[in-house]
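This note is a set of numbered comments for a colleague who is new to reading structures. Please keep the sequence and the structure in view while reading.

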Amino acid sequence: MDFAAKRAHLIEILEDEIKDRCVLEVMGRIPRELFVPESFSLAAYRNEPLLIGHDQTISQPSIIALMTEALELTGNEKVLEIGTGSGYQTAILAELSKNVISTERIPALAEKARNLLKELDYHNITIHITGNRLGWEADAPYAAILVTAAAPQVPNCLIEQLAFGGKMVIPVGSRNYQQLCRITRYKHGNQLENLCSCRFVPLIGTGAWEDE
Ligand code: SAH
């Protein structure tokens, strides 16, 4: 199977929307087929989310690219990701920043992503299995935070983990429909921008809907 050709084709599709060449270049290199279950490897380069087990999904490539672009990373940042899932987004962030702290609630997903990212030789990623706590306060503040599961509102405990001047990208809204929001934290009030509509699996635990 010529995954390189499929990957190049996907990047051509993303180029319509994504202007950040660094994001496109990194996504043009990372082998997405390794991050999806083997039975889905032929579908790895469709611009679609795919099931990764445990009722979770690897996000759609175009939304991953958009979220990453919105963080405006320069390569020097400490980044927090909520929701490691497959680890694909984690790898992209690791290529574009100094180091990534990623948290995941489901131990089996965290373990699988950890092993794959190690095999792919990433040395600037730490994955923590978190219970009901949201984020990883011990390493805060972060210059950028990316949340890959939907929340009913922007969780305060994550804003508190963001550095002043830092950016957080998070899907916020109802269970079935959200706006992708970018929050820039300032000492006196935060800036909130709506980037696009989207649909993510729900966040679980602190900051989530009450019955999640
Ligand atoms: N970035 C991942 C997306 C995975 S889906 C990828 O592209 O593969 C969202 C993930 O968030 C799921 O793996 C889910 O288990 C995780 N999650 C949900 N609530 C969480 C929480 N409170 N803390 C950490 N991870 C959480």
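1. The buried residues of helix α4 are Tyr88, Gln89, Thr90, Ala91, Ile92, Leu93, Ala94 and Leu96. The helix is thus described as mostly covered, with eight of its nine residues buried. The model under discussion is a predicted one, and the comments that follow should be read with that in mind.

2. Helix α3, which spans residues 61–71, is likewise mostly covered: eleven of its eleven residues are buried. Its list of buried residues includes Pro61, Ser62 and Ile63, and also Glu69, Ala70 and Leu71. The residue that follows α3 is Glu72, and its phi is positive, near 50°.

3. How many aromatic pairs does a search of the whole structure find? The search finds two. In one of them, the ring centres of Phe3 and Tyr45 are 6.3 Å apart and the planes meet at 50°, so this pair is classed as tilted.

4. Phe35 is buried, with a relative accessible area of 4%. Tyr88 has a relative accessibility of 1%, so this residue is buried as well.

5. Two charged residues deserve a comment in connection with rings. Arg32 lies over the face of Tyr88, at 5.0 Å from the ring centre. Elsewhere, the charged end of Lys187 is placed over the ring of Phe164, 5.4 Å from the centre of that ring.

6. Where is Ser86 found? Ser86 is in the loop between β3 (78–82) and α4. Its relative accessibility is 12%, so Ser86 counts as buried. A polar atom of the Ser86 side chain lies 3.2 Å from the backbone nitrogen of Tyr88. An N or O atom in the side chain of Ser86 is also 2.6 Å from an oxygen atom of the ligand.

7. Which residues come nearest to the ligand? Of the 22 residues around the ligand, these are Thr57, Gly83, Ser86, Glu104 and Ile204. A backbone N or O atom of Gly83 is 3.1 Å from a nitrogen atom of the ligand. A polar backbone atom of Ser59 is 3.3 Å from an oxygen atom of the ligand. On its own, the ligand has 580 Å² of accessible area, and the protein covers 99% of that area.

8. Thr84 is also located in the loop between β3 and α4. With a relative accessibility of 3%, Thr84 counts as buried. Its side chain makes a polar contact of 2.8 Å with the side chain of Ser102.

9. The number of disulfides comes to zero. Cys198 is in no disulfide, and the nearest cysteine sulfur, which belongs to Cys196, is 5.5 Å away; a disulfide would require the two sulfur atoms to be within 2.5 Å. Cys198 is buried at 10% relative accessibility, whereas Cys22 is partly exposed, with a relative accessible area of 47%.

10. At 23% relative accessibility, Glu193 is counted as partly exposed. Glu193 and Cys157 are 36 residues apart in sequence, and their C-alpha atoms are 19 Å apart in space.

Terms used: Residues are numbered from 1 along each chain as its sequence is written. This is a predicted model: local features need pLDDT of at least 70, side-chain atom pairs count only at pLDDT 80 or more; totals for chains, interfaces and linings use all residues. Side-chain values use heavy atoms; hydrogens and water are left out. Rings of Phe, Tyr and Trp (its six-membered ring) pair if their centres lie within 6.5 Å; planes under 30 degrees apart count as stacked, over 60 as edge-to-face and the rest as tilted. Buried means under 20% relative accessible area, exposed over 50%, partly exposed in between (1.4 Å probe, protein chains only). A charge sits over a ring if NZ of Lys or CZ of Arg is within 6 Å of the ring centre and within 35 degrees of the ring normal. A residue is near a molecule or strand if one of its heavy atoms lies within 4 Å of it. A polar contact is a pair of N or O atoms within 3.5 Å; within protein, one must be able to donate a hydrogen and the other to accept it, and residues adjacent in sequence count only if both atoms are side-chain atoms. Accessible areas come from the Shrake-Rupley method with a 1.4 Å probe; for residues, only the protein chains shown count as cover. Helices (H or I, at least four residues) and strands (E, at least two) are DSSP runs, numbered from the N terminus.
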